[in-house]
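Please look over the sequence and the model below.

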Amino acid sequence: KIVINFSDVQFINSIGASIFTGIVQKTAEFKGLLCFTNMKKVHSDVFEMLGITRHVKVFREEKEALDFLKDKD
């Protein structure tokens, strides 16, 4: 279970997008859960374009993601 909070992220370049693609692949490989929180529109647009948002749970706030993951034990 991984929660990534984007509140301090200003932009995502191609290297960052590549890293997140790898994280998504590894998480799926190990049947894990990956949650993104506090995303700005630019983040969601990039991840939508790359198809990443199909493989992660997106939450407005970190607490929502943590509450969701509590139920997934």
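H43 sits in helix α2, where helices are DSSP runs of H or I of at least four residues and strands are runs of E of at least two, numbered from the N terminus. The model is a predicted one, in which local features need pLDDT of at least 70 and side-chain atom pairs count only at pLDDT 80 or more, while totals for chains, interfaces and linings use all residues. Residues are numbered from 1 along each chain as its sequence is written, and side-chain values use heavy atoms, with hydrogens and water left out.

Is H43 buried or exposed? H43 counts as buried because its relative accessible area is 1%; buried means under 20%, exposed over 50%, and partly exposed in between, with a 1.4 Å probe and protein chains only. Leaving aside neighbours within four places in sequence, H43 is in contact (heavy atoms within 4.5 Å) with F6, V9, Q10, F11 and I12. Of these, Q10 lies 33 residues from H43 in sequence, yet the C-alpha atoms of the two are 8.7 Å apart in space.

Helix α2 spans residues 41-50, and its buried residues are H43, V46 and F47. They lie on the same side of α2 because they cover an arc of only 90° around the axis, the arc being that of the directions from the helix axis to the C-beta atoms. The cover over these buried residues includes α1 (14-29) and β2 (34-37). On the face turned away from the buried side, α2 carries the exposed residues K41, E48 and M49. After α2 comes G51, with a positive phi near 80°.

Of the 73 residues, 34% count as buried.

The protein exposes about 5100 Å², of which carbon and sulfur atoms supply 56%; accessible areas come from the Shrake-Rupley method with a 1.4 Å probe.
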